[in-house]
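Please keep the sequence and the model in view while reading.

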Amino acid sequence: PDGNPFWTISGDVVIDGSSITASMLYPAQATKFGAEFDPAELVLGDWGTLTLEYIGCDAITLGYESVLEGFGSGGYEYVRLTALDGTDCSF
């Protein structure tokens with residue numbers, strides 16, 4: 001929320017029709033990089049959930065709901081801007 005770098009990783013994933021919902025984890029307690037990396041120091045905490053929903057060949061939505069203060073919840077709609085010539089969206 002303060003504009004600092006922050007990363008999450010996916011935990012459990014649930015696929016329901018055209019939606020994928022993932023529980024997201026974050027490094028609640030990190031470790032050092034490189035030769036000083038100690039995986040025992042890394043503690044993952046619950047960040048919340050992220051949901052991707054396939055709307056059609058040209059659109060998806062992304063929704064998120066965080067359990068951490070400052071991140072909140074919300075969503076975005078994404079639309080395809082271009083496609084490769086000669087491709088279609090048949091499955």
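Buried residues make up 12% of the 91 residues in this chain, where buried denotes a relative accessible area under 20%, exposed one over 50%, and partly exposed anything in between (1.4 Å probe, protein chains only). The model is a predicted one, in which local features need pLDDT of at least 70 and side-chain atom pairs count only at pLDDT 80 or more, while totals for chains, interfaces and linings use all residues. Residues are numbered from 1 along each chain as its sequence is written, and side-chain values use heavy atoms, with hydrogens and water left out.

The chain contains zero helices and five strands; helices (H or I, at least four residues) and strands (E, at least two) are DSSP runs, numbered from the N terminus. Read from that terminus, the order of elements is β-β-β-β-β. The radius of gyration is 17 Å, well over the 12 Å that the globule rule gives for 91 residues, so the chain is more spread out than a compact globule. That radius is taken over C-alpha atoms, and the globule rule is 2.2 Å times the number of residues to the power 0.38. Along the principal axes, the C-alpha atoms fill a box of roughly 50 × 30 × 25 Å. The chain exposes about 7000 Å², of which carbon and sulfur atoms supply 56%; accessible areas come from the Shrake-Rupley method with a 1.4 Å probe, and for residues only the protein chains shown count as cover. Among contacts between residues at least 6 apart in sequence, 24% join residues at least 24 apart, a contact being heavy atoms within 4.5 Å.

Two strands are said to pair if DSSP finds at least two bridges between them. In general, strands of a sheet pair through backbone hydrogen bonds, either parallel or antiparallel.

The sheet can now be followed pair by pair. Strands β1 and β2 are antiparallel and share six bridges, and I9 has L25 in β2 as its bridge partner. These two strands form a hairpin with two residues between them, and G17 in the turn has a positive phi of about 65 degrees. Strand β2 is joined to β3 by 10 bridges, again in the antiparallel sense. Within this pairing, Q29 stands opposite V43 in β3, and Y26 has G45 in β3 as its bridge partner. Finally, β4 (residues 59-66) pairs with β5 in the antiparallel sense over seven bridges; here the bridge partner of T61 is E77 in β5.

Two residues illustrate contrasting surroundings. S19 is found in strand β2 (residues 19-29) and counts as buried because its relative accessibility is 16%. Apart from its neighbours within four places in sequence, S19 is in contact with V14, T51, L52 and E53. N4, by comparison, lies in the segment before β1 and counts as exposed because its relative accessibility is 56%. The C-alpha atoms of N4 and Y26 are separated by 14 Å, the two residues being 22 apart along the chain.

Which side chains meet in a salt bridge? The structure holds one such interaction, defined as a side-chain nitrogen of Lys or Arg within 4 Å of a carboxyl oxygen of Asp or Glu. It is formed by the side chains of D58 and R80, at 3.1 Å from N to O. This pair links distant parts of the chain: D58 belongs to the loop between β3 (43-56) and β4, whereas R80 belongs to the segment after β5, 22 residues apart. D58 counts as partly exposed at 46% relative accessibility, and R80 is also partly exposed, with a relative accessible area of 42%.
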